[in-house]
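Here is a friendly walk through one protein model, taken as a set of questions and answers. Have the structure open as you read.

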Amino acid sequence: LELSYNWHFEVKDQTDPKESSKIFCVADFVGDLCKALASRIRGAVSSVTFDDFHKNSAKIIQVAVFGTDQESKRPKEEIKFVSNNLVVTSVDIRAVEPVDQRTRDSLQKSVTLAIEITTQSQEAAARREAERIEQEARGKLERQRIMDEAEAEKARRELLSLQAESSAVESTGQAKAEAIARAEAARIESEAAVQGARLRAEAQKIETESE
């Protein structure tokens, strides 16, 4: 494991020479720090499976380095070495390189499998999204086609209605004209008959008077 730490010296009372001099008590404080934290991390890592560590390495190392708060059950935010007032505030994983070749191969297979699963999941999600978009487009086209057909049918019914009304008006006009023509012919015929009868009567009268 390759780790990085954030640390600083914390001297609460800088006017106290004894307290301030603690930061010089440990000659190789970096080496001692790395040894102490490495021991904690090895103990924590050795108690979990490879898969568990691979999935939860950050949390496992945080708990190993800082410990757990008894009340909140969450990792503490810092660890202090009272011998030299050294405080570590964070630890990050920079690299994980298994020493054992079989473990390294297993890790590589696990990473490759995870990448394949992620890729397949993304491809499946992309296919589902494309199918959803295509289905929505087909649905919109089908709705538009139905609406267009409905409008066309409405227009056709209106045209048929207008044609029927036109035919009715035309038939009514023709029947009315024929009725007027027949009435006019009957009137003329009646007047002609009356006039003919009057002329015959006058002719008969004239003939009678002449005798």
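Q: Does arginine 156 count as buried, partly exposed or exposed, and what is its relative accessibility?
A: Keep in mind that this is a predicted model. Buried means under 20% relative accessible area and exposed means over 50%. Arginine 156 has a relative accessibility of 43%, so this residue counts as partly exposed.

Q: What is the N to O distance in the salt bridge of glutamate 184 and arginine 187?
A: These two residues also belong to helix H4, and because they are 3 residues apart, about one helical turn lies between them. Glutamate 184 is partly exposed at 34% relative accessibility, and arginine 187 is partly exposed at 38%. Their side chains meet in a salt bridge with an N to O distance of 2.2 Å.

Q: How many residues apart in sequence are the parts that glutamate 10 and lysine 80 tie together?
A: Glutamate 10 and lysine 80 form a salt bridge, with their closest N and O atoms 3.3 Å apart. Glutamate 10 sits in the loop between S1 and helix H1 (17–21), while lysine 80 is in strand S2 (residues 79–81), so the pair ties together parts whose separation in sequence is 70 residues.

Q: How many salt bridges does the structure hold?
A: Side chains of opposite charge can pair when their charged atoms come close. Besides the pairs above, Glu129, Arg132 and Glu136 are linked in a network of salt bridges. For the whole structure, the number of salt bridges is 11.

Q: How many nonpolar residues are in the lining of the largest pocket?
A: The largest pocket holds about 450 Å³ of space. It is lined by 18 residues, and those closest to its centre are Leu1, Val45, Phe53, Val96 and Glu97. By class, the lining has 2 charged and 4 polar residues, while the nonpolar ones number 12.

Conventions
Residues are numbered from 1 along each chain as its sequence is written. This is a predicted model: local features need pLDDT of at least 70, side-chain atom pairs count only at pLDDT 80 or more; totals for chains, interfaces and linings use all residues. Side-chain values use heavy atoms; hydrogens and water are left out. On a 1 Å grid over the protein atoms alone, a cavity is a set of points where a 1.4 Å probe fits but cannot get out, and a pocket is an open set with protein on both sides within 12 Å along at least five of seven lines; lining residues have an atom within 4 Å of a point. Grid points are joined across faces, edges and corners, and a volume is the space filled by probe spheres set on the points. Ala, Val, Leu, Ile, Met, Phe, Trp, Tyr, Cys and Pro count as nonpolar, Asp, Glu, Lys and Arg as charged, and the others, Gly among them, as polar. A salt bridge is a side-chain nitrogen of Lys or Arg within 4 Å of a carboxyl oxygen of Asp or Glu. Helices (H or I, at least four residues) and strands (E, at least two) are DSSP runs, numbered from the N terminus. Buried means under 20% relative accessible area, exposed over 50%, partly exposed in between (1.4 Å probe, protein chains only).
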